[in-house]
Amino acid sequence: ARAGQGAMAWEQGRAPAPAYEIAWSPYSPADTEAAIGYATAIYGIPYALLRCTVLGESAGTMEPGIIGDNGHSFGAGQFHVRGQLPRFQQFYGLVGAYGEPTWANPYYQMDYMGWYWSAHGEGAFFGQWNAACYGG
């Protein structure tokens, strides 16, 4: 969507088109929620902050198959093609157990985000992902 299209749409009585699209994934937002719980338990990171980060990154949808940033960021954690996506794919490969891209698997994404936090620290984590939830 071009700048200003949202305002024009509202003026015409219709909602603007979302700035993202949803690709096929065998997982649901409920799986993303469960994956956040697993990752926070395994890595000992704050549930509320990881959940808030994922909500912000996924435009509030928690959709595992979300694609944003004009096709450059993928999954509920919005891994960018020039950011965390290449390293994530080194760990988890390209295709998941159900034929989905690995980035569309919230269990893989939340595991990676939890590992990143524990390996690099909170400051580095919020240097990579949405800092809107970060108060420190």
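Reader: At what angle do helix H4 and H5 pack, and how far apart are their axes?

Author: This is a predicted model, and in it helix H4, residues 85-92, packs with H5 at an angle of about 110°, the axes being 11 Å apart. An angle from 65 to 115 degrees counts as roughly perpendicular, and that makes H4 roughly perpendicular to H5.

Reader: Which residues of H4 and H5 meet there, and of what class are they?

Author: From H4 come Arg87, Phe88, Phe91 and Tyr92, and these meet Tyr108, Gln109, Asp111, Tyr112, Trp115 and His120 of H5. Sorted by class, the contact of H4 with H5 has 6 nonpolar, 2 polar and 2 charged residues.

Reader: Before going on, how many helices and strands are there, and how do the elements run from the N terminus?

Author: The protein chain holds 6 helices and 4 strands, and from the N terminus on its elements run α-β-α-α-β-β-β-α-α-α. Of the 136 residues in the protein chain, 38% are buried. Among contacts with a separation of 6 or more, 56% are accounted for by residues 24 or more positions apart.

Reader: How should I read the packing of H2 and H5, and at what angle do their axes cross?

Author: The axes of helix H2, residues 29-43, and helix H5, residues 106-120, come within 8 Å and cross at roughly 30°. Angles under 35 degrees count as roughly parallel, and H2 and H5 are therefore roughly parallel to each other. The crossing of these two helices, H2 and H5, is right-handed. On the H2 side the contact is made by Asp31, Thr32, Ala34, Ala35, Ile36, Tyr38, Ala39 and Tyr43, and on the H5 side by Pro106, Tyr107, Met110, Asp111, Gly114, Trp115 and Ser118. By class, this contact of H2 with H5 has 10 nonpolar, 3 polar and 2 charged residues.

Reader: What angle does H2 make with H3, and which residues meet?

Author: H2 and helix H3, residues 47-57, pack at an angle of about 145° with their axes 9 Å apart, and H2 passes H3 in a right-handed crossing. Thr32, Glu33, Ile36, Gly37, Ala39 and Thr40 of H2 meet Tyr47, Leu50, Arg51 and Val54 of H3, and by class the contact of H2 with H3 has 5 nonpolar, 3 polar and 2 charged residues.

Reader: Is Thr32 buried or exposed, and what is it in contact with?

Author: Thr32, found in helix H2, has a relative accessible area of 0% and is therefore buried. Leaving aside neighbours within four places in sequence, Thr32 is in contact with Val54, Met62, Pro64, Ala76, Pro106 and Met110. Thr32 is also one of the H2 residues that make the contact with H5, and one of those that meet H3.

Reader: How is a pair of aromatic rings described, and how many aromatic pairs are there?

Author: A pair of aromatic rings is described by the distance of the centres and the angle of the planes. Here the count comes to 21 aromatic pairs. The rings of Tyr112 and Tyr116 have their centres 6.4 Å apart and their planes at 35°, so this pair is tilted. Tyr112 and Tyr116 are 4 residues apart in helix H5, and so are separated by about one helical turn; Tyr112 is buried, as is Tyr116.

The rings of Tyr116 and Trp129, by contrast, have centres 5.4 Å apart and planes at 80°, so that pair is edge-to-face. This pair links distant parts of the chain, with Tyr116 in helix H5 and Trp129 in the segment after helix H6 (122-128), 13 residues apart. Both Tyr116 and Trp129 are buried.

Reader: Which residues form the aromatic cluster?

Author: One aromatic cluster is formed by Phe79, Phe88, Phe91, Tyr92, Tyr108, Tyr112, Trp115, Tyr116, Trp117, Phe125, Phe126 and Trp129.

Technical notes. Residues are numbered from 1 along each chain as its sequence is written. This is a predicted model: local features need pLDDT of at least 70, side-chain atom pairs count only at pLDDT 80 or more; totals for chains, interfaces and linings use all residues. Side-chain values use heavy atoms; hydrogens and water are left out. Axes are lines fitted to C-alpha atoms, for helices over the stretch in contact, and angles run from 0 to 180 degrees between N-to-C directions. Angles under 35 degrees count as roughly parallel, over 145 as roughly antiparallel, 65 to 115 as roughly perpendicular and the rest as oblique. A crossing is left-handed if the near helix is turned anticlockwise from the far one by less than a right angle, and right-handed if clockwise. Contact means heavy atoms within 4.5 Å. Ala, Val, Leu, Ile, Met, Phe, Trp, Tyr, Cys and Pro count as nonpolar, Asp, Glu, Lys and Arg as charged, and the others, Gly among them, as polar. Rings of Phe, Tyr and Trp (its six-membered ring) pair if their centres lie within 6.5 Å; planes under 30 degrees apart count as stacked, over 60 as edge-to-face and the rest as tilted. Buried means under 20% relative accessible area, exposed over 50%, partly exposed in between (1.4 Å probe, protein chains only).
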